[in-house]
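Hello,

Here is the structure I promised to pass on to you. Please open it alongside this note, and then read on for what turned up in it.

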Protein chains: 2
Amino acid sequence: VKPLTVARDLQRRRARERTGLFLAEGVRCVEELIASPLAVQAVIISSALAETERGERLEATLRESAGARGLEIVDVTDAELGSVAGTETSQGIVAIARQPERSFENIDPFGIMLILDGVQDPGNVGTILRTAQAFGVAATIALPGTADIWNPKVVRSAMGALFSHRAFHASETETMDFLSANAIPIWTTAVGGTPVSSCLRAGSGVAIVVGNEANGVSSSIAATSTKTIGIPISGVESLNVAVATGIVLYALTTA
Amino acid sequence: VKPLTVARDLQRRRARERTGLFLAEGVRCVEELIASPLAVQAVIISSALAETERGERLEATLRESAGARGLEIVDVTDAELGSVAGTETSQGIVAIARQPERSFENIDPFGIMLILDGVQDPGNVGTILRTAQAFGVAATIALPGTADIWNPKVVRSAMGALFSHRAFHASETETMDFLSANAIPIWTTAVGGTPVSSCLRAGSGVAIVVGNEANGVSSSIAATSTKTIGIPISGVESLNVAVATGIVLYALTTA
């Protein structure tokens with residue numbers, strides 16, 4: 001199957017799940033991708049890439065190292081590349097790469113884990129992954145109901161963090177089994193929860209759960225949590241979930 | 001001019017600036033709008049609105065109070081409403097309202113002011129306004145180069161905060177004149193700045209400047225600042241600007 005056809009297909013979650021592949025769009029994202037340990041299968045390039053200096057440099061690097069990387073380079077027209085949906089295709093480059101194998105194995109049980117329980121907006125998920133990486137979170141688990149972390153919009157807004165931060169999808173059962181086997185307490189975030197500024201984790205591990213944009217954390221997860229934490233605010237119902245996650249991670253790592 | 005034509009036109013910044021009007025799309029946003037002191041001129045409704053209970057309630061409230069509010073209600077087809085661009089039009093309601101007059105007059109000089117210096121993404125600007133309201137920021141000033149705060153996407157992601165939080169556009173000169181007349185120090189945010197956790201404002205006013213997503217704060221503004229503050233991170237180049245703003249506001253208001 002031609003890379004352009006594969007790339008079009010990878011806009012759909014089902015195709016990403018079936019093939020284990022994903023798309024990285026745009027100059028910056030592909031730069032981050034090829035600097036990461038992830039396996040890149042193919043790069044689709046149009047003439048728009050060489051229109052910026054940075055794009056030209058990236059193209060030269062890719063063409064020189066294609067053999068060593070086992071990388072297929074496909075040249076297409078701007079219109080053909082545009083047919084691979086996403087907004088960054090106008091930069092003239094899309095890469096097809098393999099999703100890494102990630103699991104609960106060897107996660108630091110004394111670190112912070114982040115659990116996404118139904119975060120639906122891909123932009124929010126990507127921003128959260130970028131933030132989790134920035135604050136040294138040990139792993140981010142996406143529970144069912146959360147946007148696919150390999151969605152092109154997530155990949156884009158994660159700004160490369162997804163390529164090195166240990167983020168993966170897991171079921172609620174697997175996640176709960178891991179947390180209880182390692183005696184990691186679960187702290188749910190909610191409007192009106194105990195101010196995070198008064199919650200010290202004192203060097204022990206903790207799993208922070210953030211929930212759906214409209215409905216928050218699901219009741220089954222909230223029931224298993226040992227604490228409900230929050231951020232005191234006024235004048236609005238809630239904070240954006242990525243902003244709230246950033247504040248919680250900052251508060252727990254800065255003391 | 002018919003409200004539907006006006007609404008279509010208001011997708012463009014120039015039309016919003018010329019008329020002083022803006023659009024609020026979707027059930028939740030219009031609920032927040034009519035609960036605010038802002039003047040609503042017209043509401044455009046399609047049959048999709050009555051398909052949810054919440055939408056039905058909103059429609060009943062609007063029809064009952066239209067006379068008292070001096071509000072024109074226009075019934076259109078779903079397709080006509082869909083032609084008013086934005087993604088929330090599928091909820092069957094768009095309102096046309098007047099941008100409030102806001103200025104530097106009577107801003108609390110002992111509060112926190114937020115200065116947006118070229119924040120370009122409307123989603124980021126809206127999220128920042130929501131966050132500013134949540135942390136009791138006295139006013140948010142959008143400098144030239146920043147997305148229009150009355151852009152429908154900003155209005156949507158501000159989740160109502162824009163209707164009560166004192167946010168407005170101003171020139172760099174006006175802003176600097178106000179800050180120096182009131183002896184308000186300017187703190188610029190930048191990657192690698194002094195950790196905000198060690199920056200106490202000790203009850204005095206301060207203006208926090210956040211910059212463009214790619215290039216940060218402009219050099220002319222940075223030159224006038226008395227301090228450069230930041231958030232210690234690792235593994236990524238920077239945080240999303242809305243997340244960073246949230247953390248800075250949290251850190252400065254929680255001690």
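Let me begin at the start of α6(B), where a side-chain oxygen of Asp121(B) comes to within 3.1 Å of the backbone nitrogen of Gly123(B). That is a polar contact, meaning a pair of N or O atoms within 3.5 Å; within protein, one must be able to donate a hydrogen and the other to accept it, and residues adjacent in sequence count only if both atoms are side-chain atoms.

Before going further, some ground rules: this is a predicted model, in which local features need pLDDT of at least 70 and side-chain atom pairs count only at pLDDT 80 or more, while totals for chains, interfaces and linings use all residues. Residues are numbered from 1 along each chain as its sequence is written, chains are lettered from A and ligands numbered from 1 in the order in which they are written, and side-chain values use heavy atoms, with hydrogens and water left out. Helices (H or I, at least four residues) and strands (E, at least two) are DSSP runs, numbered from the N terminus.

**Helix α6 in chain B**

Helix α6 of chain B covers residues 122–134, which makes 13 residues. From first C-alpha to last it reaches 18 Å, close to the 18 Å expected at 1.5 Å a residue; the expected span is 1.5 Å times one less than the number of residues. Is this helix enclosed or open? It is largely enclosed by the rest of the structure, because 12 of its 13 residues are buried. Buried means under 20% relative accessible area, exposed over 50%, and partly exposed in between, with a 1.4 Å probe and protein chains only. Among the buried residues are Pro122(B), Ile128(B), Leu129(B) and Arg130(B). Just after the helix, Gly136(B) has a positive phi of about 70 degrees.

**Helix α6 in chain A**

In chain A, helix α6 also spans residues 122–134, with 13 residues and a reach of 18 Å from first C-alpha to last. Of those 13 residues, 12 are buried, including Val125(A), Thr127(A) and Gln133(A). Asp121(A) caps the N-terminal end, with a side-chain oxygen 3.1 Å from the backbone nitrogen of Gly123(A). Gly136(A), just after the helix, takes a positive phi of about 70 degrees.

Gln133(A) is worth a look in this helix. Gln133(A) has a relative accessible area of 15%, so it counts as buried. Its side chain reaches the backbone oxygen of Gly235(B) at 3.3 Å. Leaving aside neighbours within four places in sequence, Gln133(A) is in contact (heavy atoms within 4.5 Å) with Ala161(A), Ser164(A) and His165(A), and with Ser234(B), Gly235(B) and Val236(B).

**Where α3 and α4 of chain A meet**

Next, follow helix α3 (residues 27–35) and helix α4 (residues 53–69) of chain A: their axes come within 11 Å and cross at roughly 35 degrees. Axes here are lines fitted to C-alpha atoms, for helices over the stretch in contact, and angles run from 0 to 180 degrees between N-to-C directions. On the α3(A) side, Val27(A), Arg28(A), Val30(A), Glu31(A) and Ile34(A) take part, and they meet residues of α4(A) including Arg54(A), Gly55(A) and Leu58(A).

Gly55(A) lies in α4, and it is buried, with a relative accessible area of 0%. Not counting residues up to four places away in sequence, Gly55(A) touches Val27(A) and Leu49(A). Gly55(A) and Arg28(A) are 27 residues apart in sequence and 8.8 Å apart in space, C-alpha to C-alpha.

**A few single residues**

Arg156(A) is found in helix α7 (residues 152–157) of chain A. At 18% relative accessibility it counts as buried, and a polar contact of 2.8 Å joins its side chain to that of Glu25(A).

Most residues other than glycine have a negative phi. Ala183(A), however, has a positive phi of about 50 degrees. Ala183(A) sits in the loop between α9 (172–181) and β8 (186–195) of chain A, and is exposed at 65% relative accessibility. In chain B, Asn106(B) has a positive phi of about 65 degrees. Its place is the loop between β4 (93–98) and β5 (112–117), and Asn106(B) is exposed, with a relative accessible area of 68%.

Happy exploring!
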